[in-house]
Amino acid sequence: MPRTLDPEAHAVRRDAFIDVAQRLIQVKGYEQMSIQDVLDELDASRGAFYHYFDAKEELLAAVVERIAATATATLEPIVVDPDLTAIQKFEGIFAGLARWKGERRELMLAILQVWLSDDNAIVRERLRKDTVVLIAPLLATILRQGNAEGTFSVSSPDEAARVLISLIQGSGDIASELFFARQAGTVEFDVVERAFAAYSEALERILGVSAGSLNLADPATLHDWYD
């Protein structure tokens with residue numbers, strides 16, 4: 001008689017692997033963490049690991065996907081807050097993400113160390129697709145509110161939300177590159193400021209708001225990460 005899979009138990013056990021991997025990535029770094037390290041923490045067999053993940057990279061993908069889902073969940077209260085204008089919500093999304101990352105700085109830096117590696121290109125692409133699914137509905141809701149308030153001028157909120165996500169993802173790639181460049185001392189801080197200003201300007205033009213309407217990267221946050 002075939003064994004019946006308990007979906008809940010399967011999810012709990014899989015989450016345990018992700019929990020351990022996330023902690024080890026933060027403590028040791030992804031490259032230094034081995035599958036055996038994870039198995040030792042859980043007193044699990046290698047066969048058990050491959051029951052849930054095809055490879056170490058799959059485990060990294062699961063950690064990153066959880067990070068994205070957890071961060072997105074913290075943004076939903078901003079989107080549904082009836083007391084906030086569309087611009088306040090839009091700024092709140094960026095401020096909320098910056099705050100969330102800042103509270104998990106060591107983990108974010110550990111992920112960042114391997115994020116731009118060619119070996120993890122598939123992981124990056126998966127996260128990009130997941131981000132569209134998670135974030136697009138939130139942004140589209142804000143865009144509709146902005147249109148109703150007469151603040152934004154967006155003809156198709158759903159499609160515009162996807163365009164915005166592409167731009168935001170691009171800014172994230174540049175932000176990572178600039179972080180390492182600053183660490184290496186190869187760029188000045190004003191280069192960072194100009195890059196973020198350029199993306200803010202592009203977002204303002206898509207939304208149809210006047211220049212300087214959005215404050216998406218306050219100086220204190222930039223100095224905290226890039227100084």
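Predicted model: local features only at pLDDT ≥ 70, side-chain atom pairs only at ≥ 80, totals over all residues.

Leaving aside its neighbours within four places in sequence, which residues is Ala 68 in contact with? Leu 127 and Leu 134 are the two partners, once those sequence neighbours are set aside.

Ala 68 sits in helix H4, and its relative accessible area is 16%. The cut-off for buried is under 20%, so Ala 68 counts as buried. Ala 68 and Leu 127 are 59 residues apart in sequence, yet from C-alpha to C-alpha they are 7.8 Å apart in space.

The chain has a mean pLDDT of 88, with 97% of its residues at 70 or more.

## The overall picture

What is the secondary structure of the chain made of? It comes to 10 helices and 0 strands, so read from the N terminus the pattern is simply α-α-α-α-α-α-α-α-α-α. The C-alpha trace spans about 65 × 50 × 30 Å along its principal axes.

Of the 227 residues in the chain, 40% are buried. Take the contacts with a separation of 6 or more: 67% of them are between residues 24 or more positions apart.

In soluble globular proteins, nonpolar side chains tend to be buried together. Here, the largest nonpolar core has 47 residues, and the members that touch the most others are Phe 17, Ile 25, Leu 59, Ile 111 and Tyr 226. Helix H4 gives the most to this core, with 9 residues. Another core lies apart from it, with 27 residues, including Val 79, Phe 90, Leu 139 and Ile 142.

Ile 111 makes a handy place to look around. Beyond its neighbours within four places in sequence, Ile 111 is in contact with Ile 25, Leu 60, Val 63, Val 64 and Ile 67. Ile 111 is also one of the buried residues of H6, along with Leu 107, Met 108, Ala 110, Leu 112, Val 114 and Trp 115. What covers the buried residues of H6? The cover includes H1, H4, H5, H7, H8 and H10.

Ala 21 belongs to helix H1 (residues 7-28). Is Ala 21 buried or exposed? Its relative accessible area is 0%, so it is buried. Setting aside neighbours within four places in sequence, Ala 21 is in contact with Met 33, Leu 59 and Val 63. Asp 54 is 33 residues from Ala 21 along the chain, and their C-alpha atoms are separated by 15 Å.

Ser 176 is in helix H8. With a relative accessible area of 10%, Ser 176 is buried too. Its contacts, leaving aside neighbours within four places in sequence, are with Leu 112 and Leu 116.

## The largest pocket

The largest pocket holds about 1,400 Å³ of space. Its lining takes in 46 residues, and those nearest its centre are Leu 97, Lys 101, Ile 168, Gly 172 and Ala 175. Two or more lining residues come from each of helix H4 (56-80), helix H5 (86-103), helix H6 (105-115), helix H7 (121-149), helix H8 (157-184), helix H9 (189-207) and helix H10 (219-226).

Which element gives the most to the lining of the largest pocket? That is H8, with 10 residues. By residue type, the lining divides into 31 nonpolar, 9 polar and 6 charged.

Most residues other than glycine have a negative phi, and most peptide bonds are trans. Asp 43 has a positive phi of about 55° although it is not a glycine. You will find Asp 43 in the loop between H2 and helix H3 (46-52).

Why does Asp 43 count as exposed? Exposed means over 50% relative accessible area, and Asp 43 has 72% relative accessibility.

Conventions:
Residues numbered from 1 in each chain as written. Heavy atoms only, no water. 1 Å grid on protein atoms, 1.4 Å probe; cavity = no way out; pocket = protein on both sides within 12 Å on 5 of 7 lines; lining within 4 Å. Points joined across faces, edges and corners; volume = space filled by probe spheres on them. Helix = DSSP H or I, 4+ residues; strand = E, 2+ residues; numbered from the N terminus. Nonpolar A, V, L, I, M, F, W, Y, C, P; charged D, E, K, R; others polar. pLDDT = per-residue confidence, 0-100. Core = buried A, V, L, I, M, F, W, Y, C linked by side-chain atoms within 4.5 Å. Buried < 20%, exposed > 50% of the residue type's maximum accessible area, 1.4 Å probe, protein only. Contact = heavy atoms within 4.5 Å.
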